[in-house]
Amino acid sequence: MSATTAGNLAARKRGNSQKSQRRWALWGSYAALTVFVIGFLTPPYYTLMTSLKTSAEIGAEKGNPWIAHHPTLANFWWLITYPNFQRYYLNSVIVTILVVAVSMVISVLAAFSLARMGFKGSKTLGTGVFLTYLIPQSLLFIPLFQIIGWLGLINSFWCLVIIYPTLAVPFCTWIMIGYFGSIPKELDEAALIDGAGYLQMLWQIFIPVAMPGIIAATIFAFTVSWGNFIYPLAYLYTSSQEVLTVGIVSDLIRGDVFEWGKIMAANLLASAPPIIIYAFLMDYYVAGLTAGATKG
Amino acid sequence: MADGSTGAVGVLGSGRPVAARPGGMQRFARRRSTIGFLLALPLILLIGGLVVYPAIYAVWLSLLNKQMTKFVGLANFRYLMQRDTFHLVIFQSCLFAITAVFFKALIGLILAHLMHNISGRSQRIWRGLLLVPWVIPEALSTLTWWWMFDPSYSSFNWILNQFGIASVPWLGVGWIARFCTILVNVWYGTPFFMIMYLAALKSVPDQLYEAASIDGASAWQKLRFVTLPMMRNIISITVLFSLIVTFGDFDIVRILTNGGPLDMTHVFATYAFQVGIQSGDIPLGAAVSLFMVPILAVGAFFILRGVTRRTQEMGA
Amino acid sequence: MAEVSCRKIFKVYDGGVQAVKGIDLEIADQEFVVLVGPSGCGKSTTLRMIAGLEEISDGEIWIGGDVVNDIPPRDRDIAMVFQNYALYPHMSVFDNMAFGLKLRKFPKDEIKRRVDEAARILDIHVLLERKPKALSGGQRQRVAMGRAIVRNPKVFLFDEPLSNLDAKLRVQMRTEIKKVHQTVRTTTVYVTHDQVEAMTLADRVVVMNQGLIEQVGPPQELYHNPATRFVAGFIGSPAMNFLPVRMEDVGGRPAVRINATTSLAVPDQRVARYAPFQGREMLLGVRPEHMFDYRDANQKPGFARIDAAVDVVEPMGMETLVHFFIDGTPVCARCEPSTAAAPGELLPLTVDLNNMHLMDPASGRVV
């Protein structure tokens, strides 16, 4: 009797220590994560603070720069009513919508073909698509500069509509091949027997079933075309054609004059669409990205 | 019609003659692959026209003189190899990519483990916060870093000054500027590693840890003998992939330092841009870009091998 | 409603693997035919060729009086139920069943009428608005059948439809499938590897092995008169016992010599049948139910006795299976539950030679 009680006690004690060990690990994790989060969020925080300051406050160089002492929305207001900035924003939106649409059509059709239809050389093409994804943009911007020149599209944002899909399509196709490939073969066969043609099969079965993949791929295409920097920097130079990433820098930095409050406000406004999209659809995107790696 | 009793029902003689024999299903199958090809055609045209062709064209370009009027063979490459600046570029590109990827992978792994410790619901929020650097377009967030490193208004220097430490010329001195570009890249790229590793961690079955516990493994031993071997493939794929992407990075160096001070931070991408677009020597710029190819090819080869191997493992 | 006819059909895959090596099969209108065999025997390939999902390498398939070799699946007027159900995950049960009709441009009220009718037959009315994810395995199976029924096709094709269900549900759905067939009477081709399913469902069973048909016939026929050693061993559970024997002449009538000590005289009615095999090495086949404890049975003509040392005893409730070895060959007997058999003991066994099968070991054919 006493022996069993002692045994129980010891067991409980061990249980307790295990529990407290786990609790320590948990609190330790929270503490460490807090440090990282603070570090990671410092730049966005500082962007926000600067955007709320006037040029005078920034220039005065007095007191703590990490706090806006006299917060004002003047920078934002100025930008919203500034025709050039409106132009950049509109150009970015047009380019991005077109690029996303073109990229998704190309990659969904191609992924359906590569995952299901198969033709002579389709395996090689699949590998080729993956390799294309690994080619950095900094490798091709010089020959593309020449090609864009032939097409007469230097200094026209339409050149971005043509080039950006090369950045988006390989990875979108890769994601979609994974999602389409995980749809059981019997589903196509059932659809074939039910009387569906291939395009009906794609439109009515594959796309709805692989919707999470479609969302992930769309976000990727959006990210690529919204944030790209090197192509507009290389190919565009007048403000009527400029997009946000380059327009902000070239417009708000004139020689030695840095309007940091406005730059940071523009920065925030330009970052808003991706942040909003990610806030709602992050789970799909993460799932899409990691599916590629963890499944193969 | 026969009522379904037993036996065979002769259907010979009824129905269509056996004429259109060779082909129908074959035609059906051939039609299938034709449609398949047509569906992939836009992709083929896109990649062929705007990736493969420019790549080949880049090779041709790199063999021309500055005015693009004369074939000069490997002169551009030879010229580059003699330039000290270009040696610096090679060194810096490698330093930048390797150091940044190492820290991204290390911090990503640590973060993934920390995240794995905490429970599902709050994990989503923490993950969301930690992914912010990766969500903001690189060119835009680098602007903020540039502002924070500003020679006269640096907010980091203000903090240092509060502790009585002298201001640091962040982007003004070679090695410090190198550190800054790497720091920004690590800040920007770590979240990607974190989510990849977190997904990998989640895919390790719990039974393995339970079995290891029963075998008497400590937390460290579990990490060493269970977690890392199970994640090895993902780690290597992510690292190689990130090496390629980081190696080709343009935005950070271009915005922060534009290669300076004294070309101490130029990488392939920014140097090619400066030589090819800004100075107008397109062939030389193309040659600079092409120097990346061998390094990229090695990386791509190993990634492809890793991916195929992984696919096979998952299939088995 | 239609007949199905396979004439000398072959399937050769790209790698040169012959999955089906010339099958002839006539299936009558309204008949329920089950293709059964071990995995890799070509039964699924045959079904998929009938469906149009696999190209026919050679031969012809006729459905309802037309050669369908060149007709794509959607125009063959067939419906198929898959092993993993293949329900469209993003559609409700109603839409799943209606999909084929919608694609064929049926009017809305006709679609609704047909789906309701099928739902009534299968008793899935309350599920019509749900998504497949919210259904149990048995319910999904019903929906998959419903999808086939609404089309009112010429032929139903079932590809191992019960393999993903647990044992209890499988028995229940088996009955369900039989009931549905009795209601709608559509010609049915059903593939399974489970001989019990084959026996219980089929009007006729087709036993396949290595791309060829071993035997076609009603279930009882296959059980009592297997044509080959393969069929004899495949149909029936526990499987038939096979013993190598030597035919000999004992006083002018054939007998099977099992080993040095035991020789069994064949029953009178088989004397003429087995006489030509005098002196040959043959294979004796006896089902476990035709071997029992000598002490439990009234002896009849054609019964013979063997003594064997018991290896394992498995009480099953209504019977007890006794395993032992005869000259190294494992043998199983079905005894009364009251049997006194115990491991290691010598058990006297009755062998009912009226139900014996004798096979030529070279050809595998039953003589």
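Which residues of H2(C) are buried? In this predicted model, the buried residues of H2(C) are Val93(C), Phe94(C), Asn96(C), Met97(C), Ala98(C), Phe99(C), Gly100(C) and Leu101(C). Welcome to the structure: the points below start with that helix, then visit the sheet and hairpins of chain C, and finish with chains A and B.

**Helix H2 of chain C**

- Helix H2 of chain C spans residues 93-103, and eight of its eleven residues are buried, so the helix is largely enclosed by the rest of the structure.
- Part of the cover over the buried residues of H2(C) comes from another chain, with helix H8 (185-194) of chain A included in it.
- The cover also includes two helices of chain C, namely helix H3 (108-122) and helix H4 (137-150).

**Chain C as a whole**

- Chain C has nine helices and 20 strands.
- Along the principal axes, the C-alpha atoms of chain C fill a box of roughly 80 × 45 × 35 Å.
- Chain C has 367 residues, and 46% of them are buried.
- Take the contacts in chain C between residues at least 6 apart in sequence: 65% of these join residues at least 24 apart.

**A five-stranded sheet in chain C**

- An open sheet of five strands can be traced in chain C in the order S15-S19-S16-S17-S18, with antiparallel pairing.
- At the edges of this sheet are strand S15 (291-293) and strand S18 (329-335) of chain C, each of which pairs on one side only.
- Direction ignored, neighbouring strands of the sheet are turned by 50° against each other on average.
- S15(C) runs antiparallel to strand S19 (residues 346-352) of chain C, and three bridges join the two.
- To find this pairing in the model, look for Met291(C), whose bridge partner in S19(C) is Val351(C).
- As background, strands of a sheet pair through backbone hydrogen bonds, either parallel or antiparallel.

- Strand S11 (residues 241-250) of chain C pairs with strand S12 (residues 253-257) of chain C over five bridges, in the antiparallel sense.
- Glu248(C) has Ala255(C) as its bridge partner in S12(C).
- The hairpin formed by S11(C) and S12(C) has two residues between the strands, and Gly251(C) in the turn takes a positive phi of about 60°.
- S12(C) also pairs with strand S13 (residues 263-265) of chain C, through three bridges in the antiparallel sense.
- Here Val256(C) has Leu264(C) of S13(C) as its bridge partner.
- The hairpin that joins S12(C) to S13(C) passes through five residues.

- Chain B is made up of 13 helices and zero strands in its secondary structure.
- Chain B has 316 residues, of which 40% count as buried.
- Among contacts in chain B with a separation of 6 or more, residues 24 or more positions apart account for 67%.
- Two domains are assigned in chain B, domain 1 (17-61) and domain 2 (81-315), and their C-alpha centres lie 38 Å apart.
- Between the chains, 79 residues of chain B are in contact with 78 residues of chain A.
- Helix H1 (residues 24-62) of chain B gives the most to the side of chain B that touches chain A, contributing 19 residues.
- That side of chain B has 61 nonpolar, 14 polar and four charged residues.

- The domain assignment of chain A gives domain 1 (3-51) and domain 2 (82-294), with C-alpha centres 39 Å apart.
- Four residues of domain 1 of chain A are in contact with six residues of domain 2 of chain A.
- On the side of domain 1 of chain A that touches domain 2, there are one nonpolar, three polar and no charged residues.
- Thr81(A) sits in the loop between helix H3 (74-80) and helix H4 (83-117) of chain A.
- Is Thr81(A) buried or exposed? Thr81(A) is exposed, because it has 9 other C-beta atoms within 10 Å, and a residue with 12 or fewer counts as exposed.
- From Thr81(A) to Asn155(A) is 74 residues in sequence and 24 Å in space, C-alpha to C-alpha.

Definitions and conventions. Residues numbered from 1 in each chain as written. Chains lettered and ligands numbered in written order. Predicted model: local features only at pLDDT ≥ 70, side-chain atom pairs only at ≥ 80, totals over all residues. Contact = placed C-beta atoms within 7 Å. Helix = DSSP H or I, 4+ residues; strand = E, 2+ residues; numbered from the N terminus. Nonpolar A, V, L, I, M, F, W, Y, C, P; charged D, E, K, R; others polar. Domains from an automatic or database assignment. Buried ≥ 20, exposed ≤ 12 C-beta atoms within 10 Å, placed from the backbone. Pairing = 2+ DSSP bridges. Axes fitted to C-alpha atoms, helices over the stretch in contact; angles between N-to-C directions.
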